[in-house]
Amino acid sequence: MTRTSCCFLILFLHFTLAACTPREQAAEAPDDRIDLIVKGDYVVSMDEAGTVFEQGAVAVDEGLILAIGPAAEIEAGYSAAETLAGDERVVLPGLVNGHSHAAMTLLRGVADDLALMDWLQNYIFPAEVEFVDPEFVRIGTELACWEMIRGGTTTFVDMYYYPDTIAEVVEQCGMRALISATVIDQRSPDAENASDSLAKGIDFIERWKGRNSRITPIFGPHANYTLDAEQLKATRQAAMELGVPISIHMSESPFEVQYSKDTYGTTSIDMFESIGFFEGPTIAAHVVWPTDDEIPILAERKVGVVHNPTSNMKIASGIAPVAEMLTAGVPLGIGTDGAASNNDLDLWEEMRLASFLQKVDRMDPEVLSATTVLTMATRGGAAAIGLGDITGSLEIGKQADIIQVAFDDVHHVPTYDVISHLVFVTDEQDVASVVVDGKVLMKEREMLTIDTERVAAEARALAARIQSALEARNRSQ
Ligand SMILES: [Zn+2]
């Protein structure tokens, strides 16, 4: 560009900006309209009292819940820029997926019907070292966010590699997430060993802490059989210094408990307690094999336990004593785990299976009622991951993480008990609209923040490359 044309451009810009000023000022003038009203035949608040409003509505402004109550009162009190109509819709808080490995959507169905250690060491870990890079993580996490939003999940706790990439996807798609930097003492896709992964995790947390209110960067030490006691202590120390929680796999399988006895001389949770691991906030995934003595430790230390019934069933890890942990006062949430061990990210299915699995295990149909598991997927799950003040229920002052479920499908006709239908009938395809932080991410099943065509095309292209590499490897073996 020549000097003269540059000057003209500056002059042009100057006049353009000047011409815009009055209109911009007008746009900034206070508007008494609120952002959004979400209506429903039922509004299931999931507050402590279990309040349900028939013909209800939620008023939302600047990301927060401003009011909740009968739709007539809400609409008399507020006018909104946008309203989500409530005919044949049930409104409830967005679901909380307490444990996932989002990008593993790209490894769904690659290795099924295997036990945890065989599956991890002979299939998943080698495949990850070979195929997982930032592009894999971006596409896989986009797929997962698409699937989770479609199914009414608004918050998730993730643990995978290249956490910066995960955070960038979450920033774009509009969900809320705790994103763990994986710490593991082996060569992984993004680090060489425990100290390298811890150092990279510290860098990630320093980059993302306080950057986006929807994103909480945390540490994800993998387990006490992929890290030793000193490495686990070093991770906790770093988490304390940075003021962030930890998510970890804990007491997941009989292998882990036996390994812990052989290596540390005690059972798994007891081992964590003995090294002071619970000094800071902990989100423990699975917890299938706590002893009677360990359950009170979890309650006393306020360890948030995330139950993963499908993954525990598929890998035959066992049946977690959920009823006992709830009775003992352990904060309990629910999660899907990764799509390679589930094989989907459907929390409705997870709720239903959590309830049925516990009933048949105890031969007691009264354990884990619909209300109990719906609490685990909403308010209870949010509390278990440390976001109880922010999300998990529809209450004034909380962030507006709200979903609308369509009740027009034949399986909802007729509906006698809306909570029973949400847990024992609803599928992810019933979810109609999803709001996070007051922003509509899906409206009447149309995804607004994810270019689904592009993501599907990229996922298929990447999967074709993985497929041919796996075939070539099998031929050479
Ligand atoms: Zn996991």
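In the predicted model, His99 has a relative accessibility of 3% and therefore counts as buried, the term being applied under 20% relative accessible area, with exposed used over 50% and partly exposed in between (1.4 Å probe, protein chains only). The model is a predicted one in which local features need pLDDT of at least 70 and side-chain atom pairs count only at pLDDT 80 or more, whereas totals for chains, interfaces and linings use all residues. Residues are numbered from 1 along each chain as its sequence is written, and side-chain values use heavy atoms, with hydrogens and water left out.

His99 (NE2) coordinates the zinc ion together with His101 (NE2), His249 (NE2) and Asp337 (OD), at 2.1 to 2.4 Å; donors are N, O and S atoms within 2.8 Å of the metal (3.2 Å for Na, K and Ca), and since water is not among the atoms, sites may look incomplete. Along the sequence, the donor residues follow the spacing H-x1-H-x147-H-x87-D.

Strand β9 (residues 215-221) is largely enclosed by the rest of the structure, because six of its seven residues are buried. Its pairing with strand β8 (residues 176-183) is parallel and extends over seven bridges, where pairing requires that DSSP find at least two bridges between the strands. Within this pair, Ser180 stands opposite Ile218 in β9.

Helix α3 (residues 116-131) bends by about 35° at Ile124, with Pro126 following within four residues; the bend is the angle between axes fitted to the seven residues ending at a position and the seven starting there. The buried residues of α3 include Trp119, Ile124 and Phe131, and the buried set packs against α4 (134-150), β7 (153-160), α8 (254-264) and α17 (452-476), contact meaning heavy atoms within 4.5 Å.

Definitions and conventions:
Helices (H or I, at least four residues) and strands (E, at least two) are DSSP runs, numbered from the N terminus.
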